[in-house]
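Here are my notes on the model, jotted down as I went through it. Have a look at the structure and then read on.

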Amino acid sequence: MFFVDTAYNSIIKYGEELCGDHVEQVNLPDSKILVLSDGLGSGVKANILATLTSKIAATMLKEGATLEDTIDTIVHTLPVCSERKLAYSTFTIIKVYNDGNVYTAEFDNPSIFLIKKGESYNIEKEKRIINEKIIYEANFKLDEESMLVAVSDGVVHAGVGKSLCLGWQRENVEKYLKEISQNNISTKATIRKVLHQCNTYYEGEAGDDTTVLAVKIRRQNKINLFTGPPKNPDDDFIIVNEILKSDGKVVVCGGTTANIIARALNCEVEIDLSTMTPTVPPVAVIPKVELVTEGVITINKAIELIKSYNNPREMPYILPKLQERNAAAMLARLLIEDCDKLNLWVGQAVNPAHQAEGFDMNFNFKINQIKELAHLVEEMGKEVKIKYI
Amino acid sequence: MVINVCIGSACHLKGSYDIIKIFEKLIEENKLSEKLSVKASFCLGNCVGAVSVKFDDKVYSVQPDTANEFFESVVREKVC
């Protein structure tokens, strides 16, 4: 079983508020469906067309509808443009299963790139006509070294009227993708690089909505985050063993929790004072544990960082903060970059000192904080499970 | 010898950071770095008396404004 790793982002046409391209993602137990749609025109109209198209397609396919029914519904739902007397929006549908099997259906978007270690491969497609639309369908298998890249025509045309007469053009986009894929590259890095390139050609004033989407399969990165001592102290060792035996990395947030795990491992908690800041307590080192931090305060700071990271307007400013050497930044970075699935092991023991008046981080605060963290990590498209212990 | 300052949640909020900095400064000023060091430690199990400071196997409650006094009265005689 693999993890389907997806990344996508857009540059909005210069001068517009809304993007006329839209990507919709649906996560199913055995697969992920992505629909990239490019609406006719730009601005509000295009945005509505693209959003409707991708949402209808994603929702219907998720429920198991056929491609015929889906396209039929889209055609009959899209509002007709009053100027052009047309209801039109392109789409690229990509469904990737956990075992690497892929289904694609393309209508009028630049065709998908299949890239592997510096090479580009041709995808064998079948032509079908549904509702007078020519659709290209394909079924194939993805391996761990390959990546699928779909783009809207804003990428292929990047630079038109600016630095390049004919735009970037498909062959050159392909060449660029081959170049950057020589070394193992992540989906996030791929879309960032391609969009940056487009933005350069457009000289910062994109002539069209420009979208890049990348998909690959890889092993799932799991994190087991252990915070708070178990309700019943007799369970300490049993639970610590269960956590250490689990698949994935272990992260410990909480002073007492760290002491429990160190006792179970029969080792010392070494605190690294060089990571101490006035606002965030330092990290500690315990063998076999990826990261050891204090609890409520650190988690609170990490939540603030992830919240900003999830907000497109604040994201660019938060990136340097995520690189700082303190426990909260390290925790946030781990959850953003190295985590596909987060298991939260939440201890329910109550620290009497935290219930005291004047201490505003009591037990309820802790539990709500964990729920908020879980929500934010889910917002990044990752799977989260909470286990109360 | 070692002064252990708790940096658990409650102690952090009550000023562990400042206390660590005060102890580090006092050690430097008194040229005691060969005999004495400051370390941080996770929950010393005395959250009610935050900030917990462990010295010579005993846990004390210290605040940033009593740190100097604690150093003079408890630590100095043991070390010197």
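1. Start with A:Thr227, which sits opposite A:Val346 in S17(A). In S13(A), A:Thr227 has A:Cys253 as its bridge partner. From S12(A), the chain passes through helix H6 (residues 236–245) of chain A to reach S13(A), a right-handed β-α-β crossover. Right-handed here means that, with the strands pointing away from the viewer, the path from the first strand over the helix to the second runs clockwise. Helices (H or I, at least four residues) and strands (E, at least two) are DSSP runs, numbered from the N terminus.

2. On the pairing itself: S12(A) runs parallel to strand S17 (residues 341–346) of chain A, with 6 bridges, and parallel to strand S13 (residues 249–253) of chain A, with 5 bridges. Strands count as paired if DSSP finds at least two bridges between them.

3. Why is strand S12 (residues 222–227) of chain A largely enclosed by the rest of the structure? Because 5 of its 6 residues are buried (20 or more other C-beta atoms within 10 Å of a residue's own; exposed is 12 or fewer, partly exposed in between; C-beta atoms are placed from the backbone).

4. Chain A splits into domain 1 (3–218) and domain 2 (222–388), with bounds from an automatic or database domain assignment. Their centres, taken over C-alpha atoms, are 37 Å apart.

5. Bear in mind that this is a predicted model: local features need pLDDT of at least 70, side-chain atom pairs count only at pLDDT 80 or more, and totals for chains, interfaces and linings use all residues. Residues are numbered from 1 along each chain as its sequence is written, while chains are lettered from A and ligands numbered from 1 in the order in which they are written. The model scores ipTM 0.79 and pTM 0.71.
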